[in-house]
Amino acid sequence: MDSNSIYQKSREEVLEVGEKYNLAEEKLEEFLEPDRVLEVKIPIKIDNELVNFRGFRSQHNNNLGPYKGGLRFHQNVNKDEVMALSLWMSLKCAVAGLPFGGGKGGIAVDPKQLSEKELESLSREYVRRVYEILGPQKDVPAPDVNTNPKIIDWMVDEYIKLNKNGEYKTNELYATFTGKSKKGLAGRTEATGFGGVAVLKRIAEKLKLDPQNTTIAIMGFGNVGYYFADFASKAGFKVVAVSDSKGGIIKRDAKGNFIPLDIPLVYDCKMEKGSLNGCYCAGGVCDMRGGQMITNEELLQLPVDILVPAALENVITENNMQNIKAKIIVEMANGPVTPKASHYLIKRGVFITPDILANSGGVAASYIEWEQNLKGKTYKKEDVLKRLEKMMKEAFENVWNTAEKENTNLPEASYLVALKRILK
Ligand code: NAD
């Protein structure tokens, strides 16, 4: 076994839970192995020269429905990584109660090195190479790291061209990809952050927290971090620190108490200055007087009630776990707490809400988009968000009740809920 394999590590974590709860070992072993991993050559012309990129699609398991999961464009994409990410998607879809299995794919490429035209050629050629295994009831990709609705739109367009013999109707062709701009879903952009706050509200209810007296620090102010901050503030929580790749900001009064940030003002400032760094200024449009710059490492160690890592994986590790002071962690990024750090923090009494539950609002919205396309309808944003809130509440309650019944923590209970659904 390759000790650096993320897939092997994820597999072991699942096996541990399976062993503890006597889940049928043979069935579990069979589930863990991806159904199919396709690796393809993607030749495109760059400066009149043919360059071969490698593309992947891991179809992990479809016990519950079509394979579902993103496509990432990143230089580190490889077979092992897509296998691990597709396994997590199987678990995430199951914990969210969706009729989807797990999939993940991508291309080993640094998209910043390509022109827009080259990026379009690469996206279209990828679809030509994996066309046969995609379909509304087979495998439904979505955007992921460094891919976006524009890239998905090119892919859909190519997919439509390939449907020459009319295998699929137009609405089914659109249902084969989610995260589109054309025939996409109103509310998809904010869905992950919104879903995370739906979970946050349930946590507050269960743990009897008063939002007005609950402080939150959020690492990452991109799609997920910003919407989480915005919806959490609107729900009355005190968002007191946010950060991006260049660092974070907090505000304190003369006695050193945290002052909640004005999230729309912070957002406008980030848009204007390009990073939160520039928002610690004296007056001006951002009006962050009294603000203070902090590093991302300092943000993780703030004495807040709730810490929300919403940027990168592996930010809470053996190196900094002793310094974490928050009593609750809501994992909005994928894999922000390493397994060792997670075990240590749980033992210390920290309440961790795992990524496969907390950030499943994104894939839940993808499900609504898929359904909308299959039915040939266009849903209203307010209806989408209402439905999403209900789906997140149900997913949370299920995991919470399982945790109570088994006298365990939410990460383990999430795995258990997912595995029981899949193995059934
Ligand atoms: P994004 O690119 O929109 O935002 C990422 C944010 O992280 C940015 O603010 C960036 O400045 C910040 N960041 C980058 N490097 C950093 C560093 N070293 N320290 C601190 N901050 C840093 O990405 P996103 O869509 O918001 O995704 C964030 C995380 O959530 C990822 O782990 C992603 O896999 C996960 N996720 C996203 C979705 C979704 O729907 N977007 C769904 C599920 C999970």
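Guide: What follows is a conversation about a predicted model, going from domains and cores to a helix contact and then to individual residues.

Visitor: Fine. Which domains does the assignment of the chain give?

Guide: The domain assignment gives domain 1, made of 6-11 + 28-175, and domain 2, which covers 191-358. Their centres, taken over C-alpha atoms, are separated by 31 Å, and the contact takes 4 residues from domain 1 and 4 residues from domain 2.

Visitor: And how many residues are in the largest nonpolar core?

Guide: The largest nonpolar core has 85 residues, and Leu91 and Val242 are those with the most contacts inside it. Helix H14, residues 381-406, gives the most to this core, with 10 residues, while domain 1 and domain 2 each supply at least three. As background, nonpolar side chains in soluble globular proteins tend to be buried together.

Visitor: What is valine 242 in contact with, leaving aside its neighbours in sequence?

Guide: Once neighbours within four places in sequence are set aside, valine 242 is in contact with Ile218, Phe221, Ala229, Gly248, Ile249, Leu261, Ile263, Val266, Leu276 and Leu299. There is also a second, separate core of 28 residues, which includes Val127, Leu134, Met155 and Tyr168.

Visitor: Switching to helices: at what angle do H1 and H15 cross?

Guide: Helix H1 (residues 6-20) and helix H15 (residues 410-423) have axes that come within 10 Å of each other and cross at roughly 80 degrees. Because of that angle, H1 is roughly perpendicular to H15.

Visitor: Which residues make the contact?

Guide: From H1 the contact uses Glu13, Val14, Val17 and Lys20, and from H15 it uses Glu412, Tyr415, Leu416 and Leu419.

Visitor: Now threonine 353. Is that one buried or exposed?

Guide: Threonine 353 counts as buried, because its relative accessibility is 0%. This threonine lies in strand E12, residues 351-353, and, not counting residues up to four places away in sequence, threonine 353 touches Val199, Ile203, Ile329, Val330, Glu331, Ala358 and Leu410.

Visitor: What about threonine 338, buried or exposed?

Guide: Threonine 338 also has a relative accessibility, 14%, at which it counts as buried, although its place is in the loop between strand E11 (328-330) and helix H11 (339-347). Beyond residues up to four places away in sequence, threonine 338 touches Asn314, Ile316, Thr317 and Glu318.

Visitor: Which residues have a positive phi without being glycine?

Guide: Aspartate 47 is one of them, with phi near 50 degrees; its place is in the loop between strand E1 (36-46) and strand E2 (49-61), and a relative accessible area of 71% makes aspartate 47 exposed. Asparagine 407 is another residue other than glycine with a positive phi, near 55 degrees. Asparagine 407 is found in the loop between H14 and H15 and is exposed, with a relative accessible area of 72%.

Visitor: Last topic: how far apart in space are glutamate 30 and asparagine 61?

Guide: Glutamate 30 and asparagine 61 are 9.5 Å apart, C-alpha to C-alpha, and 31 residues apart in sequence. Glutamate 30 sits in helix H2, residues 25-32, and is exposed, with a relative accessible area of 64%.

Visitor: And what separates lysine 169 and lysine 206?

Guide: The C-alpha atoms of lysine 169 and lysine 206 are separated by 46 Å, and the two residues are 37 apart along the chain. Lysine 169 is found in the loop between helix H5 (149-162) and helix H6 (170-175), where its relative accessibility of 58% makes lysine 169 count as exposed.

Key
Residues are numbered from 1 along each chain as its sequence is written. This is a predicted model: local features need pLDDT of at least 70, side-chain atom pairs count only at pLDDT 80 or more; totals for chains, interfaces and linings use all residues. Side-chain values use heavy atoms; hydrogens and water are left out. Axes are lines fitted to C-alpha atoms, for helices over the stretch in contact, and angles run from 0 to 180 degrees between N-to-C directions. Helices (H or I, at least four residues) and strands (E, at least two) are DSSP runs, numbered from the N terminus. Angles under 35 degrees count as roughly parallel, over 145 as roughly antiparallel, 65 to 115 as roughly perpendicular and the rest as oblique. Contact means heavy atoms within 4.5 Å. A nonpolar core is a set of buried Ala, Val, Leu, Ile, Met, Phe, Trp, Tyr and Cys residues joined through side-chain atoms within 4.5 Å. Buried means under 20% relative accessible area, exposed over 50%, partly exposed in between (1.4 Å probe, protein chains only). Domain bounds come from an automatic or database domain assignment.
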